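Subject: Structure for you to look at

Hello,

Here is the structure I said I would pass on. Please open it first, then read the notes below it.

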Amino acid sequence: MDNNKREREIQARRTLLIADDDEISGDILSSFFEDKYDILRAFNGKQALDIINSHIDTIDLVLLDIFMPELDGFAVLRERQNNSKIKKIPVIVMTGEGDVERECFKLGVNDFIKKPFSNPEIIIARVERMIELYEDRSIIKTVKVEKLTNLYSFDFFKKFCNQFDVAEPKVAKDLLSINITRFRLINELYGRDFSDEVLKNIASFLKEYVNKNKGFACHTGAGDFLLYTRHMEDLDSFIYELHEHLEKLVVPTSVHLHVGIYPNVDPKLDKDIVIGRAVSFAQSIQSDSDVYSIYDEKTEQKALFEEELINDFKKGLKNREFKVFYQPKYSIQGDKNTLSSCEALIRWIHPKHGMVSPGVFIPLFETNGFIQLLDRYVFEEVAKQQAIWKEKYGIYIPVSVNVSRVDVHNPNLEKEILEAVDSQHVPHDKFYLEITESAYSQDKQDILNLVNSLRDKGFLIEIDDFGSGYSSLNVMSELPFDVLKIDMVFMRKSDEYPMNKDIVKMILALCKHFNVTSVCEGVETEEHYKFLKENGCDVIQGYYFSKPLPVDDFSKLIEKEFGLC
Ligand code: C2E
Ligand code: CA
Ligand code: CA
């Protein structure tokens with residue numbers, strides 16, 4: 001079936017909005033058009049604007065009364081003048097008074113019809129002519145069909161998607177973003193003519209599919225296509241065939257298909273949003289063995305939440321929404337368990353989402369560079385707090401701060417630590433730096449240089465999450481450090497995997513051998529505590545003693561533990 005025929009099929013009806021507070025006059029107008037048009041009705045200016053905004057791509061013309069309650073027709077026209085999307089819809093004003101016409105013309109009205117309506121044929125003809133004029137104008141402005149693939153241009157694709165929704169409102173439809181990965185490779189290896197042939201071939205495959213299943217396809221550039229079609233019951237076989245087709249066409253094994261699918265599209269959603277989501281789903285596919293990813297609400301919500309956190313970060317930092325919590329560490333080898341130090345753990349008290357855990361935002365900020373700003377903020381907050389405690393209690397409480405795996409590559413890291421600590425006159429040996437073991441496996445030399453330099457200046461280095469990486473024993477023998485923190489997974493899963501306890505025993509023995517302090521984190525139960533004490537663990541951190549505390553509560557704990565209250 002050719003493009004024109006398909007268009008005609010779905011474009012059989014156009015949509016008119018009649019905005020008139022006089023119900024009878026609106027009914028009369030509707031009766032002129034209802035055979036050939038879909039009619040929407042509004043009874044005041046506000047309603048008219050709401051309907052226009054929610055049907056921006058489907059309304060073909062507005063018949064507007066001027067004198068209406070809430071917002072009058074002039075206000076609607078003014079809004080239209082300021083909104084390029086609404087401006088694309090022609091407006092005919094219905095009026096009984098000649099003196100409003102001049103004002104209306106100034107506001108960009110296209111035509112007038114006189115009230116009361118005396119000659120239906122003339123009114124219908126004027127409306128039809130105006131719609132045709134506008135459609136021709138927009139068609140002249142944009143290319144309708146791409147020459148190479150004979151698929152629709154992006155603008156027309158969207159237009160027809162919306163018209164498809166109107167023509168078949170009850171039929172579920174899917175939107176697919178299809179990406180041929182590393183398409184440039186085809187271009188470079190085989191030249192432009194060959195890659196054009198590949199595009200043409202894929203395009204004709206897609207066209208054949210939409211002819212059969214009904215729908216539209218579009219080529220958006222390089223190896224990217226969009227498809228809008230009746231809900232695909234045969235999704236798996238479609239993808240399989242498309243894949244086979246591509247494999248037949250091209251030899252390089254590194255060229256694959258990534259398809260993002262937005263199933264059962266809500267016709268009320270703006271097509272730009274739907275397309276954006278399908279495209280980002282296609283982009284989110286990491287591995288070549290995965291071919292498609294289907295949009296689902298939960299993943300989308302997560303992505304939106306993360307985007308919100310990224311947008312809110314800088315304001316949050318400025319407004320001091322980030323709060324450092326302190327979790328105590330206890331020495332357990334003496335007669336009495338004593339508070340020996342603590343770990344600084346950041347929380348975000350978000351104005352809308354409440355307390356957000358670092359497990360949510362740290363990985364996010366490690367991907368966009370914000371982590372450096374956040375770590376620096378924590379260093380400064382902690383050093384200031386240590387100075388306050390010194391002033392209040394006469395002692396420096398040792399605090400461990402976390403250094404992100406990304407921040408270890410920050411060339412200014414050492415300078416930033418020194419500035420934070422020295423400006424508050426905190427002794428370096430009261431400021432511990434926790435560096436996760438897996439960071440060392442990623443980049444040995446950077447970390448070795450950093451650790452050596454910081455230790456030379458008196459800072460204490462803790463290896464965090466020990467045992468979680470792939471080369472724990474290498475880390476132990478190659479990296480100079482002062483404290484070793486055994487990953488919490490060993491104790492937490494020790495009931496499930498009894499071998500874990502043997503591993504912990506072995507690590508504790510190694511700590512003794514290397515003469516470094518051992519810390520076990522994530523200790524929650526009396527049984528775990530006893531096991532660790534018996535096997536010589538020096539320090540314990542975990543809910544068994546305390547959760548991370550806000551600064552005021554931690555200050556009270558200091559007072560209690562040191563008999564200062
Ligand atoms: P981590 O450094 O391994 O921190 C220990 C995590 O275990 C903390 O989670 C702590 O609240 C939690 N925890 C402590 N005791 C127990 C326990 O007995 N049971 C259980 N189930 N959990 C316990 P949190 O505060 O959510 O921090 C998660 C991770 O976020 C941290 O893991 C650390 O990698 C990162 N992080 C936290 N604060 C900062 C920071 O200021 N800077 C950087 N770069 N990373 C941070
Ligand atoms: Ca830590
Ligand atoms: Ca840890």
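Predicted model: local features only at pLDDT ≥ 70, side-chain atom pairs only at ≥ 80, totals over all residues.

Distant parts of the chain are linked here: Asp 465 sits in strand S16 (residues 460–466), while Glu 521, 56 residues apart from it, is in the loop between strand S18 (517–520) and helix H22 (526–534). Glu 521 is buried, because its relative accessible area is 6%, and the cut-off for buried is under 20%.

Ligand 1

There are 23 residues around ligand 1, and those that come nearest are Arg 347, Asp 375, Met 488, Glu 524 and Tyr 543.

- Asp 375: an N or O atom of its side chain is 2.9 Å from a nitrogen atom of ligand 1.
- Asn 402: a polar side-chain atom lies 3.1 Å from an oxygen atom of the ligand.
- Tyr 543: a polar backbone atom is 2.8 Å from an oxygen atom of the ligand.

On its own, ligand 1 has 790 Å² of accessible area, and the protein covers 83% of that. The shell divides into 10 nonpolar, five polar and eight charged residues. Strand S12 (338–350) gives the largest share, four residues. S16 is among the elements that each supply at least two.

Strand S9 (residues 257–262) is largely enclosed by the rest of the structure, because six of its six residues are buried. Leu 257, Val 259 and Ile 261 point one way, and His 258, Gly 260 and Tyr 262 the other. S9 runs antiparallel to strand S6 (residues 173–180), with six bridges, one of them pairing Tyr 262 with Leu 175. With strand S10 (residues 292–294), S9 runs parallel and has three bridges; there Gly 260 is paired with Ser 293.

Ser 280 belongs to helix H12 (residues 271–283) and is partly exposed, with a relative accessible area of 34%. A polar atom of its side chain lies 3.2 Å from the backbone oxygen of Arg 277. The C-alpha atoms of Ser 280 and Ile 261 are separated by 9.8 Å.

Regards

Methods: Residues numbered from 1 in each chain as written. Chains lettered and ligands numbered in written order. Heavy atoms only, no water. Buried < 20%, exposed > 50% of the residue type's maximum accessible area, 1.4 Å probe, protein only. Polar contact = N/O pair within 3.5 Å; in protein donor to acceptor, adjacent residues only side chain to side chain. Pairing = 2+ DSSP bridges. Near = heavy atom within 4 Å. Areas by Shrake-Rupley, 256 points an atom, 1.4 Å probe, with all protein chains shown as cover. Nonpolar A, V, L, I, M, F, W, Y, C, P; charged D, E, K, R; others polar.
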